[in-house]
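User: I'd like to learn how to read a few features in a structure like this one. Could you walk me through them?

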Amino acid sequence: MRRELRGEVLFDGASRGRYSTDASIYQIEPIGVVVPHDEADVVRAIQIAGDEGVPILARGGGTSQCGQTVGEALVLDVSKTLTGVIALDIESRRVTVQPGLVLDQLNAYLQPHGMYFPVDVSTSSRATIGGMTGNNSCGARSIRYGRMVENVHAIDALLADGSKLHFGPLPRDFQAADIPARFRDIATPLLALGRREAAEIAARFPTVQRRVGGYNIDALVPGVGSENLAHLLVGSEGTLAFSTAIELNLAPIPSNKVLGICHFPDFYAAMDATQHIVKLGPAAVELVDRTMIDLARAIEIFRPTIERFVEGQPAALLLVEFAGEDRDEQLRKLRQLVELMGDLGFPGAVVEATDPGFQREVWEVRKSGLNIMMSMKGDGKPISFIEDCAVRLEDLAEYTDRLTKVFTKHGTTGTWYAHASVGCLHVRPVVNLKEADGAVKMRAMAEEAFAMVREYKGSHSGEHGDGLVRSEFHLPMFGQRMVNNFAEVKQLLDPKGLFNPGKIVAPPKMDDRRLFRFKPDYQTETLETGLDWSAWGGFAGAVEMCNNNGACRKLGLAGVMCPSFQITRDEAHVTRGRANLLRLGISGQLGPDALHSDAMAEAMALCVGCKGCKRECPVGVDMAAMKIEVQYQRAKRSGISWHDRLVAYLPRYAPWARHLAPLLNLRDAVPGLARLSERLLGFTARRPLPKWRRDIFRPDQDAYGPEDRPEVVLFADTFNTAFEAENLQAALAVLVAAGRHVHIARPARSDGGRRLCCGRTFLSAGLVDQARDEMARTVAALGPFVARGLPILGLEPSCLLTLRDELLAVLPGKMSQALAKNAMLLEEYLAAEHRAGRLDLNLDGDGGRDIAKVLVHGHCHQKAHQTMAAMTTTLGLLGDVEVKTVPSSCCGMAGAFGYGADTYDTSIAMGEAALLPAVRETAPATVIVANGTSCRQQIKHGSGREAVHMVQLLRRALG
């Protein structure tokens, strides 16, 4: 492989471990992984694997919920490089793409043309077109647009023997047409099968829209099916051929949408109402149940939206969307929905959402349904195995009621959500698969559920495919003859059984615990941790929260997570990949001392500690904290480098380093010294270090401002104290001008006089014990102020917000909790005081009149703690100033990350993803604002523009 291919060939244990799971309950280690450079690599890899008799498994985003993308095979990951648009035909409303292209990226490409691909799966930010095709995906609006099989026109695909064929609509006169011999050899017996089995297909295949189980051999039935052989590949889960180009049907983007959120006092009523609501012609009718509402309300990123669209304590919601070109028509339908709900006995039970932004927020909650469900802590999780059944709408209420009773019989509950419009509800019973009894319960519930589905003439596989979890049940659902038909199709296209074996045809038992992620012998080691992980039942419980749904693989500018993946596109450098490696490591599956291995260090190396995952991962996987824990475990045994030591101990030596400022600054002035520091200490020579100053922030009083005015405490962080004292001086001036009595946070008299520190730099090197010492000093010094309820204000986001976050994990206790509650960024305090009508700040001074436009870059931790709105509000105090925020992820500096010789290139790449180009395109008169000291360093180094802390604008504008 390495000799023949241009792409990445990964056969090491860590890589195989990362690719051994998807979003299902299964874990099977692959033989190896190939990330092809181009299509030619795919051809060669298939040829080599075929010669060796090694199975081949195509993989996109790896978000399959049924185990389709795990197997003992050679994995070909197309999501990094095979991501292009091959051709676009607006007139015919078609686009041809490579299989690794992500749906959201495709729709971003199509948007300027007024078109989009309408199969809108909830994982659109990371779902690849190849994966969606293999799954026969559907999405929330399938009632209008159908499944993938109705939206795929043609596919170019490779067979296991190396043949490349075009699968599409068959010519009318197939026998006389000029068709490649290899294609004719396949198509002729397939068409014969369609004619022969027409009656059996009509009798056995359910008539509900959501049937994706087995192969789409109904497409082969003459006069009834599409007679498009591409449709046979759709839903085949990579078991028949390897798609290299997929031609899709497009739809115009609806210009107007409205949303009605219907509230129901009981679940049965919601299910019964669905059959009436669909008669109004909606584009979507989606269910959200009580469990999902409660879980979403507990997740910081979703709480504001939930509070806005949920009224009272409903047992269930139906999200009903109407979409089209005529806005008045959509509003009319919304009124009809309100009337219908009244007729059904639920007057005043519809929250109307006509604002597009509000609608997007509501749909984001619904799209995150799976991850919201999986945010349950503990070993019992809502798992996928019967989540895809579909029944007729008239049977939906009775079916869900009966299935709920099945869950009760087995001592568990189920969570419900998703596609009420087509009778396909995602239901996940809570089961603990770490226990043998869990697998027994799972099978028993599956058998009872599928028997019920057969009774209702429904589909046991309605959207997520068959994979390992449902393929076994084709026999009772379709009968032996149909199972034989599926095997015949497999034999015709893949006679050696090399493509993704064990899916659809000849599957293993779905409850074989040897295939589970938590196998019978699964155990995790007990660590003496540096951080407090008790909320998850321990470090292992926190790591195991990752369900592999892949929200961290999202691309574009929607949030912060995950900056290293957005640059590298490597599974090794995404939150999911790191969490998987951690789980394998602490459970002994990577060998002894895995936490101390080079593979673990490499996986963590590009994690910048942005905390994007803590906020944006719906299950709250906090990789920034996990990285601290891993570094702590390594540091206890092996110590740390001089590079890390210099970064970690910066708060200790910064006060006396000012005396040597001219000497220390020679590093970037004398030729050769920067290179020497890179060689000896690991600080890149390509970036200057911060300039040491003698005039550090040294207030000569303990407090400033009138003593009879509201009191606040100013916490002076190390970075602004040592390198940008003018920011703290400006903060002091602004607060005094606002009529505040400002206390300067100082160490306790018995503490030896060392400046207070949040511990951030020590945590960045894994020195948790040293960080704990600093935090203890800080908590003790600020304790008397906190006891009086005074706000503790700071300027540097990474430092001040450490007091709200890591402090609680490093030094848990009531005093830390009280400090965390009172700690605020300056802009948060000013914005809150302004909203409360308590801020009297004259900003009419001459210095502020030349500020017309401001470009804001938010620090990652500001975004993670949702403080950006406060920054916008505070800048709004300047009056008629246009404020624009850069839609960016991490700037790339991340404290000392951008100064590392081995991480400099990645740092610059992160900056170039959005921030630095936006700064360069900004007019010279526009003020660049970045409250993070490292962000300001990156902007200056990468663009040549000076960025300032927001407080400098306020000081300039003081009257």
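User: What kind of unit do β26, α42 and β27 make?

Analyst: Go by the handedness of the crossover: right-handed means that, with the strands pointing away from you, the path from the first strand over the helix to the second runs clockwise. Here β26, α42 and β27 make a right-handed β-α-β unit. Helices (H or I, at least four residues) and strands (E, at least two) are DSSP runs, numbered from the N terminus. Bear in mind that this is a predicted model, in which local features need pLDDT of at least 70 and side-chain atom pairs count only at pLDDT 80 or more, while totals for chains, interfaces and linings use all residues. Residues are numbered from 1 along each chain as its sequence is written, and side-chain values use heavy atoms, with hydrogens and water left out.

User: What is the strand order of the open sheet?

Analyst: Start with the pairing rule: two strands pair if DSSP finds at least two bridges between them. The open sheet has 4 strands in the order β25-β24-β26-β27, with parallel pairing. β25 (882-885) and β27 are the edge strands, each pairing on one side only. Between β24 (residues 853-857) and β26 there are 4 bridges, and V854 stands opposite V927 of β26. On to β27 (residues 947-948): 2 bridges join this strand to β26, with A947 as the bridge partner of I928.

User: Which way do the side chains of β26 point?

Analyst: In a regular strand, side chains alternate between the two faces of the sheet. In β26 (residues 927-930), V927 and V929 point one way, I928 and A930 the other. All of them are buried, meaning under 20% relative accessible area; exposed is over 50% and partly exposed is in between (1.4 Å probe, protein chains only).

User: Which strands does helix α39 lie across?

Analyst: Helix α39 (residues 868-875) lies across β24, β25 and β26, and runs at about 165° to β24. For that angle, axes are lines fitted to C-alpha atoms, for helices over the stretch in contact (heavy atoms within 4.5 Å). Angles run from 0 to 180 degrees between N-to-C directions.

User: Which face of strand β9 is covered?

Analyst: In β9 (residues 164-167), L165 and F167 make up the covered face, while K164 and H166 are on the uncovered one. Strand β8 (residues 152-158) pairs with β9 in the antiparallel sense over 4 bridges, and A157 stands opposite L165. The two strands form a hairpin with 5 residues between them, and G162 in the turn has a positive phi of about 95°.

User: How many salt bridges does a search of the whole structure find?

Analyst: A salt bridge is a side-chain nitrogen of Lys or Arg within 4 Å of a carboxyl oxygen of Asp or Glu. The search finds 65. One of them joins K434 and E544, with the closest N and O atoms 2.6 Å apart. That pair links distant parts of the chain, 110 residues apart: K434 is in the loop between β18 (424-431) and α16 (436-455), E544 in the loop between α20 (539-543) and α21 (563-568). K434 is partly exposed at 27%, whereas E544 is buried at 11%.

User: Where in the chain are R936 and E724?

Analyst: R936 forms a salt bridge with E724, the closest N and O atoms being 2.7 Å apart. R936 is in helix α42 (residues 933-943), and E724 is in the loop between α30 (718-723) and α31 (725-737), 212 residues away. R936 is buried, at 4% relative accessibility, and E724 is buried too, at 15%.

User: Last one: is N216 buried or exposed?

Analyst: N216 is buried, with a relative accessible area of 3%. You'll find N216 in the loop between α7 (198-204) and α8 (230-233). A polar atom of the N216 side chain lies 2.8 Å from the backbone oxygen of V234. Leaving aside neighbours within four places in sequence, N216 is in contact with N136, V149, R211, H231, L232 and V234.

Methods: Polar contact = N/O pair within 3.5 Å; in protein donor to acceptor, adjacent residues only side chain to side chain.
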